[in-house]
Amino acid sequence: MRTEAATLPGSPERPNEDWAAAALPASGAGGTVVVLDGVTPPAGDAGCVHTVPWFTARLGGALTELSASRSDLTLTEILALAIRRTADAHRTTCDLSHVRTPQATVAMARWDGTTVEHLVLSDATLLLQSADGSVRAVLDDRLDHVPREVLRSVEATDRLRNREGGFFTAAADPDAALRAVTGTTPRAEIRALAALTDGATRWVRPFGAGDWADCFGVLTEEGAHGLLRRVRALETAEQRAAERAGEQAGRAGRRKAHDDATAVYAEL
């Protein structure tokens with residue numbers, strides 16, 4: 001059994017809002033992987049005195065502890081309990097009803113001697129490699145169905161955030177856990193898995209350097225750091241091409257030039 005984690009900030013001038021952990025029991029019979037991508041709020045009031053890294057550390061720590069110690073709870077129940085714990089930690093100081101209260105995307109996996117469980121909420125990604133080498137991507141694609149022009153508007157995005165017909169993140173409402181994509185697979189059918197934030201999945205989307213199986217191949221051959229280095233190289237090449245064309249960095253503002261990127265790889 002082997003695990004590897006890597007993370008890179010999108011900019012040295014601001015803190016990395018991703019969070020990741022892997023826990024393996026002393027018995028070697030199972031483990032858990034947790035990856036969060038903190039949602040960067042737009043400028044302005046978000047009703048909270050805490051930073052996004054504070055939130056992801058609190059939520060990620062709760063998810064890791066609970067998923068490693070509470071085998072009697074499903075991952076959905078664990079996410080709901082972790083959200084409630086984190087909300088309680090700042091309920092008296094912050095307006096948790098604010099639509100932009102600190103929040104994060106989530107990718108989790110937990111396994112024991114017989115079963116591999118998974119959970120994905122929002123645009124994090126979980127990759128599961130089968131015993132035959134094929135790769136399945138577990139995705140929550142609700143955000144993909146929101147038109148890009150809508151997401152460019154702060155007000156329009158707020159109207160869809162954690163709403164039916166829009167998309168869901170882990171924020172202050174434990175019921176968001178019920179919206180996560182979940183499932184189980186027999187342990188014998190899974191060889192390895194990987195949890196990625198959307199900054200790491202840029203290698204596949206939008207850059208199109210390969211498909212999910214190719215991405216998993218990079219993780220297997222070059223490790224988590226290797227995938228992130230490839231993402232940064234593609235981002236830098238795109239930025240330089242945009243600058244040569246006289247555009248703004250990040251291809252005329254259509255997306256960030258660089259994003260926080262995190263990958264956790266685990267061989268079961």
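## Ground rules

Residues are numbered from 1 along each chain as its sequence is written. In this predicted model, local features need pLDDT of at least 70, side-chain atom pairs count only at pLDDT 80 or more, totals for chains, interfaces and linings use all residues, and side-chain values use heavy atoms, without hydrogens and water.

## Two cores

A nonpolar core is a set of buried Ala, Val, Leu, Ile, Met, Phe, Trp, Tyr and Cys residues joined through side-chain atoms within 4.5 Å. Buried means under 20% relative accessible area (1.4 Å probe, protein chains only). The largest core has 24 residues. Leu59, Leu63, Leu79, Val106 and Met108 touch the most other members. Two or more residues come from each of β3 (31-38), α1 (52-69), α2 (75-90), β4 (104-111) and β5 (115-121). Helices (H or I, at least four residues) and strands (E, at least two) are DSSP runs, numbered from the N terminus.

A separate core holds 20 residues, including Cys215, Ala224, Leu227 and Ala263.

Now take Met108. Beyond four places in sequence, its contacts (heavy atoms within 4.5 Å) include Val33, Leu63, Ile78 and Leu119.

## An open sheet

Five strands line up as β1-β10-β9-β6-β7, with antiparallel pairing. Two strands pair if DSSP finds at least two bridges between them. β1 (2-8) and β7 (135-139) are the edges; each has a single partner strand, so one side of each lacks a neighbour in the sheet.

Five bridges join β6 (residues 125-130) to β7. Gln129 stands opposite Val135 in β7.

Terms used
Buried < 20%, exposed > 50% of the residue type's maximum accessible area, 1.4 Å probe, protein only.
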